[in-house]
Amino acid sequence: MKLKYKIPLLLLLAIGISTIIPSCKKDETGTPTISYARITRPESSDSLLVAAGQGQLIAIVGDNLQDAVQVWFNDQQARLTPTYITKTSLLVSVPSNIPKQITNKLKIKFKNGYELLYDFKVQISKPVLTSMVSEFVNDGDVATIIGNYFYAPVTVTFTGGLTGDIVSLKDQEIQVKVPAGAQPGQITVKTNFGETKSDFWFRDPRNHFIDSDP
């Protein structure tokens with residue numbers, strides 16, 4: 001008789017254990033959290049970030065991040081690489097495109113629809129000037145300046161303080177009409193995020209040995 005009572009009792013215990021184990025596994029996911037952001041170099045892992053520049057690779061450190069499907073900086077979506085996503089960290093590059101709406105927030109979206117917000121500022125770059133298509137352009141003609149981060153509104157100032165009229169504007173190219181009386185020298189490009197003076201010279205007269213070269 002004792003054996004008959006023991007068998008149902010063992011069955012009840014087995015059923016109870018089988019229902020407890022799946023529920024424990026389900027709870028392991030937990031709510032996603034962000035502890036901090038840092039740069040990705042191992043030797044500088046203690047360098048925490050509250051802001052980063054456009055295109056910079058950063059590590060977001062926290063917990064339960066493995067189901068992330070989207071990361072946004074302001075209103076610009078970053079590109080995610082699945083192999084860079086783990087439970088405790090996520091590597092992502094800050095988008096290079098300039099935001100139209102600045103919230104100074106980092107947002108992570110997850111598979112289940114959950115969204116996680118974190119205070120984070122994107123440092124918008126001032127203009128970068130690399131070259132001109134031709135440094136010798138006549139007054140009234142169009143000069144092409146090559147570089148990056150040319151965000152409207154843009155002002156191009158030639159040596160002597162004369163500004164040119166913008167003909168065409170792209171993130172990496174400015175076409176500007178050379179004003180009458182423009183002098184040889186450096187060019188300054190200014191946006192709302194800063195200004196930069198070129199290393200190269202417009203109509204550079206230096207180190208010319210043959211001026212009659214056809």
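Visitor: What does buried mean for a residue here?

Guide: Buried means under 20% relative accessible area, exposed means over 50%, and partly exposed lies in between, with a 1.4 Å probe and protein chains only. At 14% relative accessibility, Gln 76 therefore counts as buried. Of the 214 residues of the protein chain, 32% count as buried.

Visitor: What should I know about the model and its numbering?

Guide: This is a predicted model, in which local features need pLDDT of at least 70 and side-chain atom pairs count only at pLDDT 80 or more, while totals for chains, interfaces and linings use all residues. Residues are numbered from 1 along each chain as its sequence is written, and side-chain values use heavy atoms, with hydrogens and water left out.

Visitor: How many helices and strands does the protein chain have?

Guide: Helices (H or I, at least four residues) and strands (E, at least two) are DSSP runs, numbered from the N terminus. The protein chain has 1 helix and 17 strands.

Visitor: In what order do the strands of the open sheet stand?

Guide: Two strands pair if DSSP finds at least two bridges between them. Here 4 strands form an open sheet in the order S2-S1-S4-S7, with antiparallel pairing. Strand S2 (48–49) and strand S7 (89–93) are at the edges with a single partner strand each, so one side of each has no neighbour in the sheet. Strand S1 (residues 33–39) is joined to strand S4 (residues 57–63) by 6 bridges, and Thr 33 has Asp 63 as its bridge partner in S4.

Visitor: Which strands form a hairpin with 2 residues between them?

Guide: S16 and S17 do. Strand S16 (residues 183–191) pairs with strand S17 (residues 194–197) in the antiparallel sense over 4 bridges. Thr 188 stands opposite Lys 197 in S17.

Visitor: Which residues have the most contacts inside the largest nonpolar core?

Guide: In soluble globular proteins, nonpolar side chains tend to be buried together. A nonpolar core is a set of buried Ala, Val, Leu, Ile, Met, Phe, Trp, Tyr and Cys residues joined through side-chain atoms within 4.5 Å. The largest has 25 residues, and Phe 73 and Ile 108 have the most contacts inside it. S1, S4, strand S5 (68–73), S7 and strand S8 (105–110) each supply at least two residues of this core. A second, separate core of 17 residues includes Met 132, Ile 174, Ala 182 and Phe 202.

Visitor: What lines the largest cavity?

Guide: On a 1 Å grid over the protein atoms alone, a cavity is a set of points where a 1.4 Å probe fits but cannot get out; lining residues have an atom within 4 Å of a point. Grid points are joined across faces, edges and corners, and a volume is the space filled by probe spheres set on the points. The count comes to 1 cavity of 30 Å³ or more, and the largest cavity has a volume of about 40 Å³. Its lining includes Gln 54, Phe 73, Gln 76 and Val 122.

Visitor: Which side chain makes a polar contact with that of Gln 54?

Guide: A polar contact is a pair of N or O atoms within 3.5 Å; within protein, one must be able to donate a hydrogen and the other to accept it, and residues adjacent in sequence count only if both atoms are side-chain atoms. The side chains of Gln 54 and Tyr 151 are joined by a polar contact of 2.8 Å. Gln 54 lies in the loop between strand S3 (51–53) and S4. The side chain of Gln 76, a residue of strand S6 (residues 76–77), makes a polar contact of 3.3 Å with the side chain of Asp 75.

Note on methods:
1 Å grid on protein atoms, 1.4 Å probe; cavity = no way out; pocket = protein on both sides within 12 Å on 5 of 7 lines; lining within 4 Å.
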